[in-house]
Amino acid sequence: MSIEIDWFAFVQVFLAALVGALLVVGFYAIGLRLLVRAGRAPVVAPVEFTDAITVITEKEALRAAKAAAKAAKKSPLSDGQKRLALAGAYGSFAMCALAVLGGLYLIVVK
């Protein structure tokens, strides 16, 4: 009994995984950057975890929210440019979701 490896299929799967990962991470990073440029920086509330390495205090979270609001007010973009950046961010997140759904389609259907 001998085992044969289809190296071409292996390379195809490797390249598909690499391209898929690059698309998802790239679109997510672009979407997050455009979201910040639109003046909507995501601020995450502190959460208490058991066995957490670092937990931010409420004071630090309020300071971060205040800094984000201040940065949003200082934005040199006009309202139209902010709306365009927000639309681009949502479009980029949609492309990220489509890349994930495309990968699921390849796994399930093909």
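Student: How much accessible surface does the protein have?
Tutor: Accessible areas come from the Shrake-Rupley method with a 1.4 Å probe, and for residues only the protein chains shown count as cover. Here the accessible surface comes to about 9100 Å², and carbon and sulfur atoms hold 69% of that. Keep in mind that this is a predicted model: local features need pLDDT of at least 70, side-chain atom pairs count only at pLDDT 80 or more, and totals for chains, interfaces and linings use all residues. Residues are numbered from 1 along each chain as its sequence is written, and side-chain values use heavy atoms, leaving out hydrogens and water.

Student: What share of the residues is buried?
Tutor: Buried means under 20% relative accessible area, exposed means over 50%, and partly exposed is in between (1.4 Å probe, protein chains only). Of the 110 residues in this protein, 12% are buried.

Student: How many helices and strands are there?
Tutor: Helices (H or I, at least four residues) and strands (E, at least two) are DSSP runs, numbered from the N terminus. This protein has 3 helices and 0 strands, giving the pattern α-α-α along the sequence.

Student: Which residues of H3 are buried?
Tutor: They are Lys82, Ala85, Leu86, Ala89, Ser92 and Cys96. Take Ser92, which has a relative accessible area of 5% and is therefore buried. Contact means heavy atoms within 4.5 Å. Leaving aside neighbours within four places in sequence, Ser92 is in contact with Phe27, Ile30 and Gly31.

Student: What share of the contacts joins residues 24 or more positions apart?
Tutor: Among contacts in the protein with a separation of 6 or more, such residues account for 70%.

Student: How do I read a pair of aromatic rings?
Tutor: A pair is described by the distance of the centres and the angle of the planes. Rings of Phe, Tyr and Trp (its six-membered ring) pair if their centres lie within 6.5 Å; planes under 30 degrees apart count as stacked, over 60 as edge-to-face and the rest as tilted. A search of the whole structure finds 2 aromatic pairs. Trp7 and Phe10 form an edge-to-face pair, 5.7 Å centre to centre with 80° between the planes. Both lie in helix H1 (residues 7-37), 3 residues apart, about one turn of the helix, and both are exposed. Tyr28 and Phe93 form a tilted pair, with 5.6 Å between centres and 45° between planes. Tyr28 lies in H1 and Phe93 in H3, so this pair ties together parts that are 65 residues apart in sequence. Tyr28 is partly exposed at 44% relative accessibility, and Phe93 is partly exposed at 25%.

Student: Where is Met95, and is it buried or partly exposed?
Tutor: Met95 sits in helix H3 (residues 79-108), and its relative accessible area of 38% makes it partly exposed.
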